[in-house]
Amino acid sequence: MAKYVIDIDFRKYTSHPQLVDDISPAFVATQGDEVEITIHLITYYRFLYSDFLLLVVAAIQQLKAKGVQITGRVYADSNDDKVKYASRVNFFQQLGLDFPEDFVRYSGTGKFTEISSFDKDSIYALQDELTAILHKSGGINVELLQMLYWCLNEIMDNVLIHSKLPTGWVSGQFFPKQKEIRMIICDTGTGIHNALTTYPGTKYANITEQEALNLCIQNRVTSGAGMGFGLFASSEFIKENAGELLIYSGNHYLENKEKEFIVTKGNFWHGTFVFLRINTDIPVDYKQILPAHHSLPDDYQEFIAKMFGIDENLW
């Protein structure tokens, strides 16, 4: 039995790859090994983002599923508002830790979702919840909401189609003062490179992992189980919105610098995660990305009518 010691210190993270650097060594652990994890749930920054917390949850759950023994402790001040936020988005609950909630647990409706796992039975309810939060918040351009609604559905569907796992992870939050939405969709499955290179009849059998990350945002690149349009459209959406996109899979990650996407070598992440930061004050017209005859406006209108009982004919 091998033992691995992992230190996760939120005082030093300003990017997701930095957090992956510290988590990554744990992924080599196998059944019967021990991973001792120390989590410093303290940050000097204004926010403790749920998209960072979710990666810790997903990694630890992946290790537990392999039969790895998890030990360690969390250093956290229960009076710290950011620690209370971590509790409110179910960080401690998802890790199976008993954290005393000496505060009123107000509903996050309209602001954020908890860190949530999803499968084929719960995926659509979670997609609806995330979209409804943004719609109800008000003040967000409807064309932007339509495009985000479409991208969210595509990326979450991709997890269940391509990861070779029955579950994935998701969280999202709207920051009205900052005029931004942060969202992460994550799995700990096979990874983009493996999905592209191993499906029967693939024409990508000999590509490198770096090439796979570059290809994944190209139009009509697919592992054979989908149309190969979801990440392409999502990347175009982020470019038009001047937001941020990070796709991390295996030992590489792709991110946008201005309107150019660059692949960088990093430490290993077991699976794939997609992080999006969307500017709510920069509208994006779906016709710039999807076919002009696409039914997206009608689809979104139908969704709103279903969720809120609004007569479609009033739109």
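Predicted model: local features only at pLDDT ≥ 70, side-chain atom pairs only at ≥ 80, totals over all residues.
Q: How do you know that the span of helix 2 (residues 50-65) agrees with its number of residues?
A: At 1.5 Å a residue, the 16 residues of helix 2 should span 22 Å, and because its end C-alpha atoms are 22 Å apart, the two values agree.

Q: Why is helix 2 called largely enclosed by the rest of the structure?
A: A residue counts as buried when its relative accessible area is under 20%; 13 of the 16 residues of helix 2 are buried, and therefore the helix is described as largely enclosed.

Q: What makes strand 1 (3-9) and strand 3 (69-75) edge strands?
A: Three strands form an open sheet in the order 1-2-3, with parallel pairing. Strand 1 and strand 3 each have a single partner strand, so one side of each is left without a neighbour in the sheet. Neighbouring strands of this sheet are turned by 15° against each other on average, direction ignored.

Q: What makes strand 6 (residues 180-187) and strand 8 (residues 260-279) a pair?
A: Against the requirement of at least two bridges, these antiparallel strands are joined by eight bridges, and I184 stands opposite F275 in strand 8. The open sheet of five strands has the order 4-5-6-8-7 and antiparallel pairing, with strand 4 (116-118) and strand 7 (244-257) at its edges, each pairing on one side only.

Q: Why is helix 5 (residues 123-137) called roughly perpendicular to helix 10 (residues 296-308)?
A: The axes of helix 5 and helix 10 come within 11 Å and cross at roughly 90°; because angles of 65 to 115 degrees count as roughly perpendicular, helix 5 is given that description relative to helix 10. The contact includes D128, T131 and H135 of helix 5, together with Y300, F303 and M307 of helix 10.

Q: Which residues touch the most other members of the largest nonpolar core?
A: Of the 54 residues in this core, M147, M156, I185, F237, I247 and L290 touch the most other members, while helix 6 (residues 142-162) supplies the largest share, 11 residues. A second, separate core has 45 residues, among them I23, V56, V89 and C186.

Technical notes. Residues numbered from 1 in each chain as written. Heavy atoms only, no water. Helix = DSSP H or I, 4+ residues; strand = E, 2+ residues; numbered from the N terminus. Expected span 1.5 Å × (residues − 1). Buried < 20%, exposed > 50% of the residue type's maximum accessible area, 1.4 Å probe, protein only. Core = buried A, V, L, I, M, F, W, Y, C linked by side-chain atoms within 4.5 Å. Axes fitted to C-alpha atoms, helices over the stretch in contact; angles between N-to-C directions. Parallel < 35°, antiparallel > 145°, perpendicular 65-115°, else oblique. Contact = heavy atoms within 4.5 Å.
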